[in-house]
Structure formats: C-alpha cells, structure tokens
Amino acid sequence: MKALIIGCGMVGPAAALALRRTGVDPVILEKAAGPRESTGGILNFPPNGMAILDALSCGPRIRHNGYVKVRYADDKRGATDRPLYPFIAIRRNVAARVLREAATEAGIPVEFGKELTGIHLPAAGGVEARFHDGTTVTGDVLLGCDGVHSATRRLLLPNTPKPRYTKRTYVTSRLQTGVPSAGRDSRLTYRTAASSFISNVSATGNAFWTAILYHPTQFAVTQHGEPSPKYWSAILEAEFGDAPAEILRLIRQNPPASSHQVYELPPLSRWFSGSACLLGDAAHASTPYHAQGFALGLEDAVTLAACLKKHRGAGAAFMEYQSVRKARCDYVVRSARRAGWLRNPSTHTQKFIWKLFAQFYLPILDAEAARIAAHRVPVL
Ligand SMILES: Cc1cc2nc3c(=O)[nH]c(=O)nc-3n(C[C@H](O)[C@H](O)[C@H](O)COP(=O)(O)OP(=O)(O)OC[C@H]3O[C@@H](n4cnc5c(N)ncnc54)[C@H](O)[C@@H]3O)c2cc1C
C-alpha cells in the first residue's frame, strides 16, 4: 500500500514512521521549498506524546536536544509548588528536524515544493493528488497532515467550518542556556486584563519567556509578511509597561524571536472521505493551553497505522480511526479552550467568572490536564 502524506511539519513524518512499521510505503509531500530551519518557539511534549516518540525511536534524540521541565498546578496568583507532570521542552524547528531526519533515515522519501491543490478520488479506489507545480502523484491512500489551514480538509470536506482566530498571539523569546538557576524550575508570571507573561528558568539553566497577548488583529503569515521583533517589542512594552521592572528587563535582554497566531478548529463531523483522511491539526487544531496539539497528532498517527494494518480497505480503517480518536480530541480541544479563557479572560463574563470561580475551576482544569497527559494509546 502506498500512502501520500501531505505536509512535513510535525505529524507528517511521525505518521510516515508509524506506517512504515506496518509495511505501508509512505511518501511525504511538503509545500515549502525546503526544510524550514527558522520556525522558532518552544514546544512542550507531555508524557503521552513522549511515549509515542519513544515507540517510534525518536524519544532519545528529542530528549538529547531538549530538556526536562515540570508542569506545576496553578492557583490564582500563578504556579504553585505542586508538580503535575514532566514535559520535554524543545525548540520547534529542532523537533521538526529530528522527526524529518528520522523519516529520511528510515528510507521514506520527502519531496519539497509540492503544494497540494487538488484531490481526485476514483470510484474504483485509490487517490490522485495534484500539485501547484502541475504534477500529479497517485497512491492507495492520502493522509492530510497539512496543519490547521489544511488544503486537504478544504478539498475533501468543503462544507466544514473554517479555523477561528482566537484573538491570541503567542510571542516567545529565543532559548537561552547556561542561565543561573535555583536548582529547580522557577517561573515568573504577570497578568494584565487579558494578556499574560510567563518566564521560565529550568533547574538545568535553560530560560525563555512567552507572552500570551490579546491581539485582535490578524496578520498575514507569509515568508516576508510577519510582524517583526521590533513590532512585538513595542506591543509588549505597552502591554506590560506597569509590570515589575524584572519583566521589562527580560523583554529587553532577550527580545521576541517568534510569534504564533492561535487558531482553533470547530469540531468536524467527519475526518475522511473515500481514500483520504485527516490527522493532527488538520482534523482538530486546539488552543495550546494543555500543550497537547502535537501529542494528539502522534496519537492519531499510531492509531491510524494500526487501523490500516488491521483492515483491508481504507474505508473501514478510517471509520475505526475516527471512532477511536474523535471523542478524545474533541474533549482535549474543549478542555484547552476552557483553560485558555479562564487563565486569560477577555470578555466581561469571562473576567467575572475568573474573579469569582478561578480558585474552584483551576484545580479541575489541572486535574483534566493531568488525566489527558496520563492517557496512553496502544503503540505498534
Ligand atoms: C503558540 C502555539 C504553541 C504550541 N505549543 C505546543 C506545545 O507546547 N506542545 C504541543 O504538543 N503542541 C503545541 N502546539 C500545537 C502544535 O504546534 C501543533 O499541534 C502541531 O504543530 C501540529 O502538527 P501538524 O503536523 O498537524 O501541523 P503543522 O506543524 O502546522 O505542519 C503542517 C505542514 O503542512 C505543510 N502544508 C500546508 N499546506 C500544504 C499543502 N497545501 N501542500 C503540502 N504541504 C502543506 C506546511 O508547510 C507544514 O509543514 C502549539 C501551537 C501554537 C500555535
């Protein structure tokens, strides 16, 4: 069986590795002209995601290039001393490189400059994918791992809802190493009416900061069209102008390095049609408050590979995959959304609820986050 995997971001290479273990021949087709080394930001990988990276033999390299960070329970003033679970924190572009290299080392072809523009699903089965460069590629199944603004989703399920900009933009500094630490993870948090600033220094001296900004303006994300670090520095200085001097010092010392607009995808009624199917953010993009987006994509990848191994036809495999995965993904997306508006309330109702009920809700959300991270899917 030949699988066309659309997208070489985070989930595409993981899906290819999982499929290869079941005897499927994957080929990865990515629209970017070449590997993107500059996409910054820090990703946290929770234990459920790490268990799958270990099963795909990528765990050791992710640990080697990242570092351990602990998620602590929250209270109204910020993080408490009560650990919930460990994460592996790693730069996004480094994690993407580890996965891509693991795929090429396994002999999986990765073709760049292949922007999917059309899908034909012949009645007799199989799939034909058309690309912007005028070429076509045929396969037995097509897996859309092309992210929140998925072309596969648009082509396959044209009447599904579009992703919604959540009016939040994450701005992060670069990762500094060798920073003096207190020998344990420490966190500095500051909240304004609708935005927050969190700086982390790990026990091992890795430091970075993240600002979750209420930013209603959407900007075009093109290679040259993203707002510059200077633009974000001015916004951060205005937003956190009343913060303790320590926060402004951190922003000036280690200026913004990357920004990500946060989109959420309303739940889809289905994830597949004929011989083509969606995985990862293309199927269920979540706000990042539980840091579970990629981990859910990894769970999709191994589950789908197991379903394709078990069933002969794509239809039965995709049906089982969707019925096993959808309820969990919808639940995590809902839980992350609640965590988001509770921690960063923007409307009057949300602020009112925060004031009255945060102390009761926060432990519930922390317990949900711990349960989500403790979940394990069977791996191949
Ligand atoms: C601010 C922020 C912080 C986050 N933090 C975390 C975290 O700490 N932990 C975590 O697990 N998750 C986190 N996430 C979520 C995580 O980034 C996503 O869940 C993950 O990147 C999804 O992987 P993906 O492969 O589905 O999509 P992507 O990583 O977006 O990759 C999609 C790929 O498809 C390609 N593509 C797009 N269109 C086409 C086309 N037409 N043809 C061919 N290729 C195409 C793209 O170029 C890209 O390479 C965060 C998200 C945000 C926004």
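Throughout these legends, a residue is called buried when its relative accessible area is under 20%, exposed when that area is over 50%, and partly exposed in between, with a 1.4 Å probe and protein chains only. The model is predicted, so that local features need pLDDT of at least 70 and side-chain atom pairs count only at pLDDT 80 or more, whereas totals for chains, interfaces and linings use all residues. Residues are numbered from 1 along each chain as its sequence is written, and side-chain values use heavy atoms, with hydrogens and water left out.

**View 1. Cysteines without disulfides.** A disulfide is a covalent bond between the sulfur atoms of two cysteines. With the criterion of a pair of cysteine sulfur atoms within 2.5 Å, the count of disulfides in this model is zero. The sulfur of C58 has its closest cysteine sulfur in C8, and the separation of 12 Å is too far for a bond; C58 is also buried, at 1% relative accessibility. C329 likewise takes part in no disulfide, the nearest cysteine sulfur being that of C277 at 11 Å, and C329 is buried with a relative accessible area of 0%.

View 2. Six strands, in the order β6-β2-β1-β10-β17-β16, make up an open sheet with mixed pairing; strands (E, at least two residues) and helices (H or I, at least four residues) are DSSP runs numbered from the N terminus, and two strands pair if DSSP finds at least two bridges between them. The edges are held by β6 (110-111) and β16 (272-273), each of which has a single partner strand, so one side of each is left without a neighbour in the sheet. Within the sheet, β10 (residues 141-144) and β17 (residues 276-278) run parallel and are joined by three bridges, and L143 has C277 as its bridge partner in β17.

**View 3. The shell around the ligand.** Counting residues with a heavy atom within 4 Å, 30 residues surround the ligand, and the closest are V11, E30, R36, N44 and D281. By class, this shell holds 14 nonpolar, eight polar and eight charged residues, where Ala, Val, Leu, Ile, Met, Phe, Trp, Tyr, Cys and Pro count as nonpolar, Asp, Glu, Lys and Arg as charged, and the others, Gly among them, as polar. At least two shell residues come from each of β3 (42-45) and α9 (293-310), and α9 supplies the largest share, three residues.

**View 4. Individual atom pairs at the ligand.** An oxygen atom of the ligand lies 2.8 Å from a backbone N or O atom of V11, and a nitrogen atom of the ligand lies 3.1 Å from a backbone N or O atom of K31. From the side chain of R92, an N or O atom is 2.9 Å from an oxygen atom of the ligand. Taken alone, the ligand exposes 1,000 Å², of which the protein buries 88%, the areas coming from the Shrake-Rupley method with a 1.4 Å probe.

View 5. Most residues other than glycine have a negative phi. K167, in strand β11 (residues 164-173), has a positive phi near 70°, and K167 is partly exposed, with a relative accessible area of 39%. A291, which is not a glycine either, has a positive phi of about 50° and lies in the loop between α8 (281-284) and α9.

Technical notes
A polar contact is a pair of N or O atoms within 3.5 Å; within protein, one must be able to donate a hydrogen and the other to accept it, and residues adjacent in sequence count only if both atoms are side-chain atoms.
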